[in-house]
Amino acid sequence: RVSSQSLVRYGTNDYSVPVAYGHRDVWVRGYVDQVVIGCRGEVIARHPRCYAREDMIFDPIHYLPLLEKKINALDQAAPLAGWGLPVEFETLRRLMEARMQKMGRREYVQVLRLLETFELADVHAAVKKALNLGAVGFDAVKHLVLCHVERRPPKLDLDVYPYLPRANVGTTSAASYMSLLSGDAA
């Protein structure tokens with residue numbers, strides 16, 4: 001049975017499973033090189049086999065849905081400790097948090113959740129491209145990942161969104177500012 005921390009005991013070690021399977025009955029198969037965990041007929045986790053005692057083997061991706069809800073735990077989450085992500089991910093996080101504070105942290109976890117679907121190399125390439133373009137946001141990174149995977153050029157302009165209102169900004173003459181200073185403006 002999966003524990004409340006989304007861990008399954010096999011031998012003397014605990015292995016993580018996706019948080020969606022918490023408190024469920026699962027099956028475990030131990031092989032020489034790996035431990036496979038499943039629920040019903042579906043494999044839900046694979047881990048390299050650990051022969052140490054009383055160890056916890058985490059897959060950080062298993063805990064991302066929970067972290068998205070409990071965003072303040074991002075820095076203290078044990079499953080993320082020692083996760084060797086490329087340095088660009090930390091740069092992206094800093095920029096997102098600087099621009100959007102707590103929402104930036106949540107968007108950063110959404111970017112990490114792309115790893116549930118896409119390979120690390122593809123998401124890493126998209127994060128690097130987003131940083132180069134200055135397009136710091138989940139939507140931009142997701143778009144760039146899809147473009148990278150589909151091998152098509154990215155379109156990060158508003159021409160593909162015709163339903164969005166266009167902003168028309170007119171130029172202002174210096175005389176208009178002078179009227180503000182003289183008090184003539186109403």
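## Basis of the model

Residues are numbered from 1 along each chain as its sequence is written, and side-chain values use heavy atoms, with hydrogens and water left out. Because the model is predicted, local features need pLDDT of at least 70 and side-chain atom pairs count only at pLDDT 80 or more, while totals for chains, interfaces and linings use all residues.

## The β3-β4-β5 sheet

Three strands in the order β3-β4-β5 form an open sheet with antiparallel pairing. Strands here are DSSP runs (E, at least two residues), numbered from the N terminus, and two strands pair if DSSP finds at least two bridges between them. The edges are taken by β3 (27–30) and β5 (42–48); each has a single partner strand, so one side of each is left without a neighbour in the sheet. From one strand to the next, the twist averages 20°; the axes behind this value are lines fitted to C-alpha atoms, and angles run from 0 to 180 degrees between N-to-C directions.

Strand β4 covers residues 34–39 and is joined to β3 by four bridges, the two strands running antiparallel. Within this part of the structure, V28 stands opposite I37 in β4.

## The β1-β2-β6 sheet

A further open sheet of three strands has the order β1-β2-β6, and its pairing is mixed. Its edge strands are β1 (7–10) and β6 (56–57), each of which pairs on one side only. Strands β2 and β6 run parallel and are joined by two bridges. Y15 stands opposite I57 in β6.

D14 belongs to strand β2, which comprises residues 13–16. With a relative accessible area of 15%, D14 is buried; this term means under 20% relative accessible area, against over 50% for exposed and in between for partly exposed (1.4 Å probe, protein chains only).

The side chains of D14 and R9 are joined by a polar contact of 2.8 Å. Such a contact is a pair of N or O atoms within 3.5 Å; within protein, one must be able to donate a hydrogen and the other to accept it, and residues adjacent in sequence count only if both atoms are side-chain atoms. Leaving aside residues up to four places away in sequence, D14 touches L7, V8, R9, D55, M56 and I57, where contact means heavy atoms within 4.5 Å.

## Cysteines

The structure holds zero disulfides, a disulfide being a pair of cysteine sulfur atoms within 2.5 Å. C39 counts as buried at 8% relative accessibility, and C147 counts as buried at 3%.
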